[in-house]
Amino acid sequence: MRLSSFPNDRQLDMMDCGPATLKMIAKYYGKFYSLQYLRDKCGISKEGVSFLDISHAAEEIGLRTHSIKCTVEDLVLKVPLPAIIHWNNSHFVIVYKVNNIKTIAREKRDDDLPIDATIYVSDPARGHVKYNVKEFSEKWIKGDSKKGVLMALEPQAEFYQKEANEKIERKKTFENFLSYFTLYKKSFINLFIVMLLVTILQGFLPFISKAVIDVGIQTQDIDFVNIVLIANISIVLSVLLSNLVRDWIMLHITARVNVALISDYLIKLMRLPITFFENKMAGDILQRAQDHERIRSFLMDNSLNMIFSTLTFLVFAVIMFIYNSVIFYIFLAGSIIYIIWVMAFMRLRKKLDWQYFDLVSKNQSYWVETINSIQDIKINNYEKKKRWKWEDIQARLYKVNIKVLSVTNTQNLGAQFIDSMKNLFITFYCAKAVISGEITFGVMISTQFIIGMLNAPVIQFIQFIISFQFAKTSFLRLNEIHQLEDEHENVGSNDADLPQNKSLSLNNVFFQYNPNGRVVLSGIRLIIPEGKVTAIVGDSGSGKSTLLKLLLRLYKPSHGDIMIGNMNINNINLRQWRDKCGAVMQDGKIFNDTIMNNIVLDDEKIDYTRLRVALDAANIAQEIEQLPLGYHTMMGEQGRGLSGGQKQRLLIARALYKDPEYLFFDEATNSLDSINEQKIVDALDNVFKDKTVIVVAHRLSTIRKADQIVVMQNGMVVEIGTHENLVSRNGRYNQLVQSQLHISLTETM
């Protein structure tokens, strides 16, 4: 690559470096986007953009991203280029090439860097620039960390199908999957050359065998035999080395493609609405990751081997036809019968494959459910019944495996019989031809070698057909996922200016989980005033949490509209809306990460003032700071190591740290003792000022001060008012109050 061959686009103002680098990367991979379009995708502001903003924009146009911290040595040896790096803590540039690397000892210290490396940079402010390692390190690495931040980007399969401002067809085709390999055109050309070379070299072997027998042995010329032997050894070594090169190229491409396939599947899953995960078994989702492996195996292993086998078959078929056309026709007839026999079992194999997928999905779901529910299993002595359910799945899997084994054995035995008979006919024909003088003994020996070389492609063809069927079945299952509508489709794609009036209103909203299911919310008409606290109360199952999820846009209304001021909420970019929302849900999760990362999540520049306010309001700072590692304490999976109350307070701190305009609390204090609850309620009074707050609560004591209380029953709003107003009406709210007072009095007696 010439120094000037990598694209370079200049930034138009100080904050354009992020979108400009993304434009260059897209151009490098063959797509052209305007700088303004990428600005909009990045959500550029006066502060510029972050790696997270660039990542969102990159994935919107079909580029896969991976942000890491690494040393210069890792950048040189391991990171796929081009990559965007954070330069001087205030700028983004692209590293696209590294030259003149001799050796870098693995055991060297990170600061013992090779001074003969040249690193090529495409800078949107300065153009094409090159640095030695010392100059590069000074600008990239700050402080004593010895590591800098970068983002590697590669095209997803759909990158070449995406067009700016156009709706993208979601259906996956084999063209989509083949596009994973467009990055490796040169590698495939090299691979084809190597495979062609191997085939040509192997084509000499039968002629060498014939020469040894018909010339060397018959003339008893030892020198000739030695020369032929050396030639044979040279060809075998050349074939061996060529195969090593082929395997290395295959390994390199396979590893990269495999990661890309699974990464794109995960990206697609992340884009799907919450209802998809509520309606799918975990095992079903996990098993589809194995489907990607099948498709990769078909494209990388079977398809490429089929190309190699086709070359081999053509070369040796021509040689066989030249040697003896009758033997060739016997081989061809036997091979056709062999293929027909194997193909006869394909439909049955397809049926069994679907059954196997279903049972393996259930088996994986069983393990996920068992591990997540082990506490309840033990408390209720449910171990034996749970094990029996697993054994039932295993018994059904065993039956399917027996059927698969029976079909495979029948298929293989018949195929072996046909293959043996074919080879037997050829051997007897050759023997008679030698006796009658039609061919020499050398030709007979060479024929056996050629038949062996021809048999391998036929077997490979059968494997290709079987693999194709499996890949096609997996492909259909994956299409089911890729055809689903993304969560952000048919909603605002760009950030919008919110109206001055930010009150939320629901206009005749209905909701049901599926068209034929029961109506969960019915005719909801409600105004949630800006800057006020609205509390939602009601019996379990009355629709409170569902209403909250509609406002968070986790669900879409089946009928009716949700408005913010005079704007439909669907016209607001989904990410923009959720950035303005902080939520604590009943089933909120703690991630397997540090306490700090659980609170700030993906915030690159932690605001410690906001963090302190959030921790104080959640009344958890003191407990965290008493831990040996403080905020850097690692949490176990699902927050293992924290009490229920601590988890809930950590979730409250997470929501408050965002400093959102809208706060949603779904039973946010139901796991807290009365003392902690009162402290948090008092602290939240200050946090709630000038924010629009929606609180779902069973404990009425926590929402008495709410500006508005909404009472729900059977999916409908039955009362709205303040605490005093609703109590005086002696309606449903008053019944709930009296019921809780009765429970409290009973507990104190």
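How far is the sulfur of Cys42 from the closest cysteine sulfur, and which residue holds that one? The closest is in Cys17, 9.9 Å away, which is too far for a bond. A disulfide here is a pair of cysteine sulfur atoms within 2.5 Å, and the structure has zero of them.

A quick word on the ground rules: this is a predicted model, where local features need pLDDT of at least 70 and side-chain atom pairs count only at pLDDT 80 or more, while totals for chains, interfaces and linings use all residues. Residues are numbered from 1 along each chain as its sequence is written, and side-chain values use heavy atoms, with hydrogens and water left out.

Now for some buried residues (buried is under 20% relative accessible area, exposed over 50%, partly exposed in between, with a 1.4 Å probe and protein chains only):

| Residue | Relative accessible area |
|---|---|
| Cys42 | 4% |
| Cys70 | 3% |
| Ser335 | 4% |

Ser335 sits in helix α11, which covers residues 325–343. Setting aside neighbours within four places in sequence, Ser335 is in contact (heavy atoms within 4.5 Å) with Lys422 and Val458.

Zooming out, the chain has 24 helices and 16 strands, taken as DSSP runs numbered from the N terminus (H or I, at least four residues, for helices; E, at least two, for strands). Of its 749 residues, 47% count as buried. Among contacts between residues at least 6 apart in sequence, 74% join residues at least 24 apart. As for the surface, the chain exposes about 38800 Å², with carbon and sulfur atoms supplying 57% of it; accessible areas come from the Shrake-Rupley method with a 1.4 Å probe, and for residues only the protein chains shown count as cover.
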